[in-house]
Amino acid sequence: MSLDMLMGLSIFLVTFIFIAQFLPTVFADVRNEISLAHEAYKVTVLLAETEGVWSNGTNNGTNWEDYPSLWCDDNFTFLPGLMNDTPDFLSYEKILALNNATEKCYDKIKEMLGLKTPDREYNFNVSLESLDSRPYNRILVKDKDGNVVLSAGEPIPSSGYVARYERYVWVDSIYELAGTYDIGSPGSANFFVCQKQFNGSENEIMCNLTHPVKFFEINIIDKNGSAEAWWLSICLYSEPPGPSACSKENSNLTIYIGNNEIKWSEPLQPNTKYPLTDVLRSILSSEGWEYGQTVYLKFRVKNTDAFLTASSTVDYLAGKAIAKLVVYVW
Amino acid sequence: MCGDIMKAQAFTLEGVMASLLLLVVVYTFFQSSLVISPMWSELSDAQLRLLAQDALKILDNPDKVDGEYVNTTLQGMVSQLDSSFEPNPEFLYALERITFPANYRLELYWVEIEDNKTTINKTVLVNNNPTPEAVGGSRFVVIEKDDLNDNSPFRNNPAIPDPVVFEVRLILWRP
């Protein structure tokens, strides 16, 4: 055999052996990643599009969240679906239950979600995240007391293949997710990003929020006391406001730009909610505020029992409290 | 003698070239297997398609407040359309808030019946040009003509049956 033939053959064999070893690795990676994404997709569908189901062998139902003492029981099988009555519409109660159930019996939840089979086993993390949340900067939805609503499962690894699948969902009660603050009663307090002071016979409250406002609602309970005068004013500023007072209109809830340029006004009615999210967004956009720009607010409240309900993590759009249900599988 | 050496060198060069060529071809083939795999491109498509459907589902809210549809809903957007076919800014804000960072195009379809002839009409509400990888979601909304604004091109058109069935198509693609 000639030297030329040997050289050609050896180069070919070296190449062939290299490729033969390289080949399974390439396809293993692809297969693994595709498989992970399918599992993540499956979990989002199970959670967002089913109510869940439970069975103890003799009885069954969909209210698995009502049996916390049985979640880890081997005779109690359940699928922890989160749907309320239509796909993507989640039950707040089921969300909290999933958080608790995963904390108590992670392996069983993993099995129930189909992530633990005889030949494959995956880890998972499920969370309810703000619309502003990104994979590199997660923003978890918090409840009215500032607690994270849903972050169930193992900590997400920072390296390796992690499949991420997300769904847009809405939750049945904005009032569980947004903080409610008493702005009517006299006395000073710090809440949300506001500072309340009692000034003479009126409350003066200073806040700073970011445009666009996510959720903002005023709930008027009633007039406080028998005095005739009562009002609630909200002044909006692009710079921190000075000491001069926000204007007022007797018996009205009024929104001003600066101290006295009226933009919106309605009569105060006892036991009435004023959903001002869209109103504020509209006013601020038309006045030239850019998204992400700070808006300074000054409230002026007299003889009015009122609550402010506001959220910095949950968006209120189309009459729904919206967030992202995000599932990570690895 | 000299001729044989030249011939041998040519064979060696041919062998090396053939091996290199084989290496390049096989390596290129394996690299492109990520794209060739039919499952691969569908993964990101499936995610975006679901998000388009979810976005339309969220914006679909037939509940009225003070007798009117909410501005940020599909019903509120369609009912306020006039002959300019420009969606109201609150709706666009809500849509962009949900779909960001994806780019989007929004189309509206409806049916007209005239002289027993049915035609499907279409208008583009947000005219961005999708890429070939764009995917779409679709949702039907039904609105009575009395709920459409006075300047609505659908309200006084006798060829459009009452209630009006609209199909809203949302096309999404990654920037």
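**Entry 1. The disulfide of A:C72 and A:C105**

I began with the torsion about the S-S bond: at -85°, the link of A:C72 and A:C105 is left-handed. The pair bridges distant parts of the chain, 33 residues apart. I placed A:C72 in the loop between strand 2 (60–61) and strand 3 (77–79) of chain A, and A:C105 in the loop between helix 2 (92–104) and helix 3 (106–112) of chain A. I note here that the model is predicted. For the sulfur atoms of A:C72 and A:C105 I computed a separation of 2.4 Å.

A:C105 has 9% and counts as buried, because the cut-off is under 20%.

**Entry 2. The disulfide of A:C235 and A:C246**

How many disulfides does the structure hold over all chains? I found two. A:C235 and A:C246 are joined by a disulfide with an S to S distance of 2.0 Å. With 85° about the S-S bond, the link of A:C235 and A:C246 is right-handed. A:C235 lies in strand 13 (residues 231–237) of chain A, and A:C246 in the loop between strand 13 and strand 14 (252–257), so this pair ties together parts eleven residues apart in sequence. Are A:C235 and A:C246 buried or exposed? I recorded both A:C235 and A:C246 as buried.

**Entry 3. A nonpolar surface patch**

I listed the members of a nonpolar patch on the surface: A:M5, A:L9, A:F12, A:L13, A:F16, A:I17 and B:L22. Together they have about 630 Å² of accessible area. Helix 1 (residues 3–49) of chain A supplies the largest share of the patch, six residues. I checked A:M5, which lies in helix 1 of chain A.

**Entry 4. Chain A as a whole**

I counted five helices and 20 strands in chain A. Its radius of gyration is 28 Å, well over the 20 Å that the globule rule gives for 330 residues, so chain A is more spread out than a compact globule. I noted that the C-alpha trace of chain A spans about 110 × 65 × 30 Å along its principal axes.

Of the 330 residues of chain A, 48% count as buried. Among contacts in chain A with a separation of 6 or more, I found that 68% come from residues 24 or more positions apart. The accessible surface of chain A is about 15,000 Å², and carbon and sulfur atoms account for 51% of that surface.

Methods:
Residues numbered from 1 in each chain as written. Chains lettered and ligands numbered in written order. Predicted model: local features only at pLDDT ≥ 70, side-chain atom pairs only at ≥ 80, totals over all residues. Heavy atoms only, no water. Disulfide = S-S within 2.5 Å. Helix = DSSP H or I, 4+ residues; strand = E, 2+ residues; numbered from the N terminus. Buried < 20%, exposed > 50% of the residue type's maximum accessible area, 1.4 Å probe, protein only. Patch = residues over 30% accessible without salt bridge, like charges linked within 9 Å, V, L, I, M, F, W, Y side chains within 5 Å. Areas by Shrake-Rupley, 256 points an atom, 1.4 Å probe, with all protein chains shown as cover. Salt bridge = Lys/Arg side-chain N within 4 Å of Asp/Glu carboxyl O. Rg over C-alpha atoms; globule rule 2.2 N^0.38 Å. Contact = heavy atoms within 4.5 Å.
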